[in-house]
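Take a look at the model below. Then follow the report part by part.

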Amino acid sequence: MTNPTKSQPAQRVIIFDTTLRDGEQSPSCSMNLEEKLRVAKTLEEMGIDVIEGGFPIASNGDFEAVREIAKTIKNATVCGLARAGRKDIDRAWEALRHGARVRIHTFISTSPLHMKHKLQMEPAAVHQAVVDSVTYARNLCEDVEWSPEDGSRTEHDFLCRCVESAIKAGARTINIPDTVGYAVPDEFGALIAMLRNRVPNIDKAVISVHCHNDLGLAVANSLAAIRAGARQVECTINGIGERAGNAALEEIVMALRTRHDVLSFTTGVKTDHIMRVSRLVSGITGFQVQPNKAIVGANAFAHESGIHQDGVLKNAATYEIMTPESIGLTKSSLVMGKHSGRHAFRQKLRELGYELGDNAVEDAFRRFKDLADRKKEVFDEDIVALVDDAGMGVNDHIKFVSLQVVAGSKGPQLADLELEIDGVVRDVQARGNGPVDATFNAIKKACPHTARLQLYQVHAVTAGTDAQAEVTVRLEENGKTVNGYGADADTLVASARAYVKALNKLLTKRERTAPPESVASGAVSA
Ligand code: KIV
Ligand code: ZN
């Protein structure tokens with residue numbers, strides 16, 4: 001095991017972000033092309049080394065997303081996932097080929113359980129598939145990563161044999177997944193050490209790890225693996241991902257930074273971008289960050305008890321092991337209010353880490369002025385919420401125009417809604433069982449559809465009764481789910497905006513969707 005001491009130079013760990021692939025794969029976390037591109041650009045600005053953009057054979061949407069991300073991103077490697085068959089690998093390469101720095105990530109299960117029950121293949125055939133798939137991918141792309149799915153439950157002899165063959169066939173990165181989050185830290189670190197000791201050509205590849213969080217150990221396992229010699233970690237923003245999620249990127253990066261005394265490793269991540277990307281991902285996916293979540297939870301830097309508050313006032317280090325600024329929770333120099341002009345607003349956006357086009361700035365500025373008229377203090381969080389809501393959907397078929405609602409205990413609740421549909425303004429009225437129901441019924445009346453409402457979630461952006469509401473709406477149609485996000489000082493307006501956004505996404509999805517190939521089995525498609 002590598003035991004870094006202060007006299008050794010810090011070693012660089014490659015940060016591989018799979019928010020757009022494994023994160024997006026988790027139930028109801030799907031993102032559209034525009035959103036994926038937005039996240040990818042933010043990850044690039046943040047200094048992420050590798051961005052896994054998707055699984056190109058899984059759907060046309062994934063294919064397009066990987067292709068656009070590969071074309072757009074210049075300062076990070078863009079990666080596409082493929083099973084071990086030629087069709088998968090060709091599709092991944094087709095999506096990646098125009099990118100500046102690209103990688104094919106191919107995988108096949110190697111554990112006895114997966115080989116027998118999922119793949120229904122003998123180990124010899126799986127081994128041959130490893131050689132064939134990596135050789136094939138390597139003929140297309142210089143940078144190939146190989147993963148033995150369910151690696152942590154794979155027999156060691158077989159794992160060593162597959163890893164050695166994958167490296168011989170040209171894999172530059174060997175990624176060991178703890179697919180089902182079964183490992184514990186000592187054991188997982190020992191697995192990496194075992195590979196380093198037993199695989200003769202292991203020095204020709206970077207060892208990577210990919211940990212799931214079923215036992216809440218994904219970050220601990222990743223750190224143990226780094227200590228044992230892994231030099232790439234695969235992780236996601238806010239830890240989103242299949243089931244209990246993946247290792248949280250922000251936790252790994254901040255653990256390496258904060259405990260540099262015992263973990264002498266560096267990353268290229270600009271940690272002060274963490275809050276921004278965390279908010280962006282939770283806004284887009286509708287996956288709220290739990291308040292006590294490490295690093296990015298709303299309470300992560302909040303001190304409630306008197307003793308703690310007293311300590312922090314005397315010296316923040318008494319109860320804060322890292323500064324809020326180090327993750328981008330800055331108290332900004334510019335206080336925004338209704339007298340603030342365009343110039344100050346642009347400057348504020350820059351401070352908050354946004355570089356927006358003119359139309360998006362204009363849209364956000366108009367909404368900011370409107371908000372400042374209604375709200376005493378406009379906080380940074382308010383502006384972040386506005387920007388995340390504005391600037392998107394320029395080409396949307398349906399646009400929110402206005403809403404008037406009659407609510408209260410006397411009923412009936414009535415919504416009078418104006419929507420612009422393909423350039424034509426429609427005014428509709430609808431009743432409902434409460435003002436939200438009335439609003440959504442009005443939207444349904446204006447744009448009839450069969451999508452089912454799966455989630456309706458409201459959050460206050462800041463404290464106070466004049467706080468903006470952030471609303472997430474999740475709609476489902478024919479097994480496809482989409483999230484819409486809206487922010488406004490009026491909860492009902494935010495709700496209508498969120499619903500309309502989700503509806504627009506469904507329309508785009510309908511336009512784009514062609515029957516996806518089934519990837520549920522993970523079997524090899526030759
Ligand atoms: O969890 C897993 O095993 C994966 C692989 C495809 C790397 O996501
Ligand atoms: Zn995974």
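How many residues of domain 1 are in contact with residues of domain 2? Four residues of domain 1 touch five residues of domain 2, counting heavy atoms within 4.5 Å as contact. Keep in mind that this is a predicted model.

**The domains**

The chain is split into three parts: domain 1 (11–285), domain 2 (333–374 + 382–387) and domain 3 (398–512). The C-alpha centres of domain 1 and domain 2 are 37 Å apart. Between these two domains, about 350 Å² of area is buried. Carbon and sulfur atoms give 47% of that area. On the domain 1 side, three arginines stand out: Arg38, Arg276 and Arg279 supply 90% of the area that domain 1 buries against domain 2. The size of an interface is often given as the accessible area lost when the parts come together.

**The ligand site**

Now turn to ligand 1. The residues around ligand 1 are Arg21, Asp22, His105, Phe107, Ser147, Glu149, Asn175, Pro177, Thr179, His210 and His212. By class, this shell has six polar, three charged and two nonpolar residues. Four elements each supply at least two residues of the shell: helix H1 (19–23), strand S5 (102–109), strand S6 (144–149) and strand S7 (173–178).

| Residue | Distance to an oxygen atom of ligand 1 |
|---|---|
| Asp22 | 3.1 Å |
| Thr179 | 2.6 Å |
| His210 | 3.1 Å |

How much of ligand 1 does the protein bury? Taken alone, ligand 1 exposes 260 Å², and the protein buries 94% of that.

**Two backbone details**

Most residues other than glycine have a negative phi, and most peptide bonds are trans. Two places in this chain deserve a check against that.

Asp150 is not a glycine, yet its phi is positive, about 60 degrees. Asp150 sits in the loop between S6 and helix H7 (156–168). Strand S6 is also one of the elements that supply the shell around ligand 1.

Pro412 belongs to the loop between strand S11 (398–406) and strand S12 (413–421).

Methods:
Residues numbered from 1 in each chain as written. Chains lettered and ligands numbered in written order. Predicted model: local features only at pLDDT ≥ 70, side-chain atom pairs only at ≥ 80, totals over all residues. Heavy atoms only, no water. Near = heavy atom within 4 Å. Polar contact = N/O pair within 3.5 Å; in protein donor to acceptor, adjacent residues only side chain to side chain. Areas by Shrake-Rupley, 256 points an atom, 1.4 Å probe, with all protein chains shown as cover. Nonpolar A, V, L, I, M, F, W, Y, C, P; charged D, E, K, R; others polar. Domains from an automatic or database assignment. Buried area = accessible area lost by both parts, 1.4 Å probe.
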